[in-house]
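The exercises below go through one protein chain, and each comes with a solution worked out in steps. Please keep the sequence and the structure in view while reading.

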Amino acid sequence: MPSLQDALLVFTDLDGTLLDIHTYDWQAALPWLDRLQDHQIPVILCSSKTAAEITAIQQDLGLEGLPFIAENGAVIQLDVRWDTHPDAPRRISGKSHREIRQAIEAQRQEAGYKFTTFDDVDERVISEWTGLNRTRAALARRHEASVTLIWRDSDEQMARFEEKLADGGLKMVQGARFWHILDAREGKDRAVAWLTEQYRTLEGLTPTTLGLGDGPNDAPLLDSVDFAVVVKGINRLGIQLKDDNPRRAYRTAQPGPAGWHEGLDHFLS
């Protein structure tokens with residue numbers, strides 16, 4: 001079991017995990033956030049959200065300056081102390097947002113797939129979809145290496161669309177609310193592995209890693225850490241882990257930040 005005395009890294013999803021899926025509240029998680037900060041344990045946000053969104057959320061949570069993973073792993077913000085790192089301040093991998101947008105628009109024109117991307121609407125509509133205020137909804141449109149969309153077509157059409165994406169080196173992953181398209185070579189697992197290696201190299205640590213998530217797109221994150229917390233989520237498919245051994249994986253009874261608190265109680269109390 002991990003310990004607060006370990007060289008511990010905590011990687012966490014946001015919506016539906018650290019943040020309430022409906023209200024974005026995190027108060028139930030606050031005691032553990034404070035405790036981890038007291039022990040100088042990094043809490044690394046790992047989400048499908050854009051870097052602009054996560055930077056604002058870091059400020060809300062008092063996590064400024066720490067690394068984070070955005071857009072399902074395609075974007076990595078480095079620790080503010082690593083300013084001499086060749087990738088500082090931000091590592092962006094794979095195909096760009098513009099390239100991905102052009103590729104899926106070509107598929108939509110050719111085959112008539114029905115979907116709506118964040119690029120198709122303004123922040124007012126995104127605010128209605130998400131419950132975010134207009135300012136935060138505008139940040140949600142600032143993609144750098146992925147596209148977020150609502151799928152409005154059949155399962156059969158989705159299967160064809162995913163085949164076409166794969167032919168173009170892209171993949172589609174399902175989050176708590178939306179679908180996300182990014183370079184097939186990128187993912188939360190690769191981003192976690194890369195950041196963990198930076199802590200080994202730059203900080204001289206041998207980290208123990210703990211991850212928390214609630215949606216299907218969190219499975220790569222939870223499969224790549226030493227200890228995993230599957231927070232009870234709203235997705236009917238849930239999360240299927242490669243190693244569901246209860247010694248390393250715990251499934252919470254509570255959703256959102258209360259489940260986040262429950263998961264840390266399980267492994268760290």
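**Exercise 1.** Find where Pro-89 lies in this predicted model, and state which residue is joined with Pro-89 by a cis peptide bond.

*Solution.* Begin with the place of Pro-89, which is in the loop between S4 and S5. Next, look at the peptide bond that joins Ala-88 and Pro-89, where omega is about 0 degrees and the bond is cis. As background, most peptide bonds are trans, and most residues other than glycine have a negative phi.

**Exercise 2.** The structure holds 10 aromatic pairs; describe the pair of Trp-82 and Tyr-199, and then the pair of Tyr-113 and Phe-161.

*Solution.* A pair of aromatic rings is described by the distance of the centres and the angle of the planes. For Trp-82 and Tyr-199 the distance is 5.1 Å centre to centre and the angle between the planes is 75 degrees, which makes the pair edge-to-face. This pair links distant parts of the chain, for Trp-82 is in the loop between strand S4 (75-77) and strand S5 (90-92), while Tyr-199 is in helix H7 (residues 188-203), 117 residues apart. Both Trp-82 and Tyr-199 are buried.

Turn now to Tyr-113 and Phe-161, whose ring centres are 5.0 Å apart and whose planes stand at 55 degrees, so the pair is tilted. Here too distant parts of the chain are linked: Tyr-113 is in the loop between helix H3 (97-111) and strand S6 (115-117), and Phe-161 is in helix H6 (residues 155-167), 48 residues apart. Tyr-113 counts as buried at 5% relative accessibility, and Phe-161 counts as buried at 0%.

**Exercise 3.** State how many residues the largest nonpolar core has, and list what Leu-18 touches.

*Solution.* The largest nonpolar core has 44 residues, and Leu-18 is among those with the most contacts inside it, as are Leu-36, Leu-45, Leu-210, Trp-260, Leu-264 and Leu-268. Leaving aside residues up to four places away in sequence, Leu-18 touches Thr-12, Asp-13, Asp-25, Trp-26, Ala-29, Leu-33, Leu-45, Leu-61, Pro-257 and Trp-260. A second, separate core has 22 residues, including Ala-191, Tyr-199, Ala-219 and Ile-239.

**Exercise 4.** Give the volume of the largest cavity, and sort the residues of its lining into nonpolar, polar and charged.

*Solution.* Rolling a probe the size of a water molecule over the atoms shows where empty space is left. The count comes to 1 cavity of 30 Å³ or more, and the volume of the largest cavity is about 260 Å³. Its lining consists of 23 residues, of which Asp-15, Ser-48, Lys-49, Phe-178 and His-180 lie nearest the centre. Sorted by kind, the lining divides into 7 nonpolar, 9 polar and 7 charged residues.

Key:
Residues numbered from 1 in each chain as written. Predicted model: local features only at pLDDT ≥ 70, side-chain atom pairs only at ≥ 80, totals over all residues. Heavy atoms only, no water. Core = buried A, V, L, I, M, F, W, Y, C linked by side-chain atoms within 4.5 Å. Buried < 20%, exposed > 50% of the residue type's maximum accessible area, 1.4 Å probe, protein only. Contact = heavy atoms within 4.5 Å. Phe/Tyr/Trp six-rings, centres within 6.5 Å; stacked < 30°, edge-to-face > 60°. Helix = DSSP H or I, 4+ residues; strand = E, 2+ residues; numbered from the N terminus. 1 Å grid on protein atoms, 1.4 Å probe; cavity = no way out; pocket = protein on both sides within 12 Å on 5 of 7 lines; lining within 4 Å. Points joined across faces, edges and corners; volume = space filled by probe spheres on them. Nonpolar A, V, L, I, M, F, W, Y, C, P; charged D, E, K, R; others polar.
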